[in-house]
Amino acid sequence: MRVQLLPSTIDENGRASARQHLLTMVIDDRVAIDAGCLAMACSLEQRANIRDILLTHTHLDHIAGLPLFIDDLFASLTEPIRIHATSGMIETLERDIFNWSIYPRFSELSNDNGAVVEYREFSPGERFKIAHLSIHAVPVNHQVAANGYLVTDGTSTIAITGDTAETDEFWKACNEARGLAAILVECAFPDEMEVIASVSHHLTPKRLKSELAKLETPHIPIQVINIKPMYRDKVIGQLQTLAIPNVNILELGRVYEF
Ligand SMILES: [Zn+2]
């Protein structure tokens, strides 16, 4: 399974930066998890192939590129873009984003080939297929209803938390999955921002260490994602100090093979 976390911002030289403002994870150039920077950072091949987008939740950094991605493709689509989301997420998107004030209600529009958007609803805890992937949606603990996912292509399985604070169900699902190739886990804030991490339901390095203690298999590679860009160096430094085994920082833009 090829996994790429798309870059979301540029540095002072105009090159892709390691700082992550937005989240879009592309699997096998075909399925996107979240669409924070999908329209802005995907390759031409990805733009041509991705028609399935699975959302973890509806916070802006996870959906900002979704309206623009649909807009870019509007006239050329020969099949709708399928947005895989819970009923609550769909309601939020329709009410707060695709409401004509913020952006067009694409679900009411079509091009010469038919509908341009189709919602595929699932419930937290459900297992379902998207393209060639099997998905297990696991509710996590965030400020709004959010899911983490276990994703398998039949050969390998990875897990991604999305945004979350302390949670048990996700780690239980990881323990039951066995043979996980990698777990992508958030760590948004440095330890000294414990209060804001708590209020906004995110992890800090210390909290992450406690969470990883829930894993029964200690050797699974852990890839850290979703570090708030302004605290990136601090969070990485604190993670290094904690010296948690198997923990790495996922590089933006790099294609990983799991
Ligand atoms: Zn969030």
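## Strand pairing and helix packing in a predicted model

Strand E3 (residues 31-33) runs parallel to strand E4 (residues 52-54), and three bridges connect the pair. Within this pairing, Val 31 lies opposite Asp 52 of E4. The description rests on a predicted model.

E3 and E4 belong to an open sheet of seven strands, ordered E8-E5-E4-E3-E2-E1-E16, in which the pairing is mixed. The edges are formed by strand E8 (117-121) and strand E16 (255-257), each of which pairs on one side only. From one strand to the next, the twist averages 25 degrees.

Strand E5 (81-85), a member of this sheet, is packed against by the buried residues of helix H5. In H5 (residues 87-97), the buried positions are Met 89, Thr 92 and Leu 93. These residues lie on the same side of H5 because they cover an arc of only 100 degrees around the axis. Ser 87, Glu 91 and Arg 95, on the other side of H5, are exposed.

Strand E13 (residues 182-186) pairs with E14 in the parallel sense through four bridges, and Glu 186 has Ile 225 of E14 as its bridge partner. E14 also pairs in the parallel sense with strand E15 (residues 247-249), here over three bridges; Val 224 stands opposite Ile 249 of E15. Together, E14, helix H9 (residues 232-242) and E15 form a right-handed β-α-β unit.

Strand E14 (residues 222-225) is covered on both faces: Ile 222 and Val 224 are buried on one side, and Gln 223 and Ile 225 are buried on the other. In a regular strand, side chains alternate between the two faces of the sheet.

An antiparallel pairing is found between strand E9 (residues 127-130) and strand E10 (residues 133-140), which four bridges join. Here Phe 128 has Ile 135 in E10 as its bridge partner. Two residues separate the strands of this hairpin, and Ala 131 adopts a positive phi near 50 degrees.

| Strand pair | Sense | Bridges |
|---|---|---|
| E3 and E4 | parallel | three bridges |
| E13 and E14 | parallel | four bridges |
| E14 and E15 | parallel | three bridges |
| E9 and E10 | antiparallel | four bridges |

How values were computed. Residues numbered from 1 in each chain as written. Predicted model: local features only at pLDDT ≥ 70, side-chain atom pairs only at ≥ 80, totals over all residues. Pairing = 2+ DSSP bridges. Axes fitted to C-alpha atoms, helices over the stretch in contact; angles between N-to-C directions. Buried ≥ 20, exposed ≤ 12 C-beta atoms within 10 Å, placed from the backbone. Right-handed = clockwise from strand over helix to strand, strands pointing away. Arc of directions from axis to C-beta. Contact = placed C-beta atoms within 7 Å.
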